[in-house]
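Q: I am new to this structure and would like to go through it step by step. Could you show it to me, please?

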Amino acid sequence: MNAIDVKGLHKEIGNFEIRDLSLDIPRGYITGLVGDNGAGKSTLINHLIGLLKADRGDVTILGSDDIERDREDLLNRIGLVFAEDNFPEHLSPAKLEKLLTVYFEAWDSTVYHKYLDDFNVPENTRIKRLSTGEKVKLSLAVALSHNAELLILDEPTSNLAPTFRMELLDILQELMIDGEITILFSTHITSDLERIADYIVMIDNGEILFNMEKEALLTAYKKVKGPKDILDDETGELLMGIRENSLGFEAMSNAPDTLRELFGDKVIIERLSVDEVMYFTKNNRRGV
Amino acid sequence: MNIQISNNTDIPIYEQLKNEIIRAIMTGEVQPGEALMSMRALAKELKISIITTKRAYQDLEQEGYVYSIVGKGTFVSEQNANIQRERVLLEIEKNIEELLNTAYQINLSAEELIDMIHVIEEDKK
């Protein structure tokens, strides 16, 4: 069962283009959407929640294929967090709640105040006086307080201190325990997702480079280091995104066992980080 | 039950987790019939993905270490201690054979190998 299904999404915005993008986000898991700044993560997310309209293609989200028609119902069921919030600035978090209780059918005041307290967000300070980090924490508290079944977090951590980022991951995993919730988390700080994401969707220049279960990805592909003298056409076939320096080479490979058999201790084979997968994949596409 | 997972090794995380649970079963840290933590709760505790814990549990079930009851959870199977021990001994034998083959390439004697084992064991402490 998928929380989100995208089929053949096509969109042109100035020089930027999304071409024939298809994607599914399974229900009950954490999917990380990674890519550099400007890769198209936010553009994609904005299509998912109906803030942008595709030139062609279909988006189905929580069973609805007409976001326009089902907007109210969907916004109740989806918790949204962006790097920049857009709450009315003159309100305090406490006053803001009065609006939110009207807006969200399943609003849970206890949960909201608990999160504000946990996150150290002052309840009676006007939003415009809150720090950037506090504003993100406020929108997190809101997103987590209306019993949403899908959380979409667009670069939530870029304005947060590292310690709070760790805390946030903990909160997200806590939410996952009952298995009813789906999380889509976009970030360019991939270390945030490295451990907890079930699926990784890698996007570059409006295109999906990878959409894989994370452990399967990191088991199939390995980082390979070795001396330059073993690089020839045949070895090259087994390597992706080769980077050479004066002392040797580094590359990614989906045939680490073959390399081990061919070169034994001459090569070092290591686990990749998600960042490195992105780096080597991009190198490879550039024809390196 | 104690479980330690390292992110800095080449061993896949699900395999590390599987081995840790097998170790806990072997050493009696968890007893037959005892429930294991739910996959999702375990993922949270270890800060790893749910799919990773799911895969480890599935493997453990296939290999007969645990069984699951829908809606109730995953439980440690009754282990026949002798069979388990046999299985591990077999595994060790296989590894030793491989080790001897490798050592043979440079004419390293079994005595020298045993010395190496002692040194490495000392290092690990």
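Q: How many residues of chain B are in contact with chain A?
A: In this predicted model, 15 residues of chain B are in contact with 19 residues of chain A. Two residues are in contact if their C-beta atoms, placed from the backbone, lie within 7 Å.

Q: Which elements of chain B give two or more residues to that side?
A: They are α1 (13-26), α2 (39-46) and α3 (50-62) of chain B. Helices (H or I, at least four residues) and strands (E, at least two) are DSSP runs, numbered from the N terminus.

Q: And what is that side of chain B like by class?
A: The side of chain B that touches chain A has eight nonpolar, five charged and two polar residues. Here Ala, Val, Leu, Ile, Met, Phe, Trp, Tyr, Cys and Pro count as nonpolar, Asp, Glu, Lys and Arg as charged, and the others, Gly among them, as polar.

Q: Before going on, how are the numbers and letters assigned, and what are the limits of the model?
A: Residues are numbered from 1 along each chain as its sequence is written, while chains are lettered from A and ligands numbered from 1 in the order in which they are written. As the model is predicted, local features need pLDDT of at least 70, side-chain atom pairs count only at pLDDT 80 or more, and totals for chains, interfaces and linings use all residues.

Q: Back to chain B: in what order do its elements run?
A: Chain B has five helices and two strands, and from the N terminus on they run α-α-α-β-β-α-α.

Q: Which domains does chain B have?
A: The assignment, which is automatic or from a database, gives domain 1 (13-76) and domain 2 (81-124) of chain B. Their centres, taken over C-alpha atoms, are separated by 28 Å.

Q: How much of each chain is buried?
A: In chain B, 22% of the 125 residues count as buried; in chain A, 36% of the 288 residues do. A residue is buried if 20 or more other C-beta atoms lie within 10 Å of its own, exposed if 12 or fewer, and partly exposed in between, with C-beta atoms placed from the backbone.

Q: Turning to chain A, what is the strand order in its open sheet of three strands?
A: The order is β2-β1-β4 (chain A), with antiparallel pairing. Two strands pair if DSSP finds at least two bridges between them. The edge strands β2 (16-26) and β4 (56-61) of chain A each pair on one side only.

Q: How many bridges link β1 and β2 of chain A?
A: Strand β1 (residues 2-13) of chain A pairs with β2(A) over eight bridges. A:I13 stands opposite A:F16 in β2(A).

Q: Which helix packs on that sheet?
A: Helix α1 (residues 41-48) of chain A does, touching β1, β2 and β4 of chain A.

Q: What does β10(A) pair with?
A: Five bridges join β10(A) to strand β12 (residues 248-253) of chain A, and three bridges join β10(A) to strand β13 (residues 268-270) of chain A. Both pairings are antiparallel.

Terms used. Axes fitted to C-alpha atoms, helices over the stretch in contact; angles between N-to-C directions.
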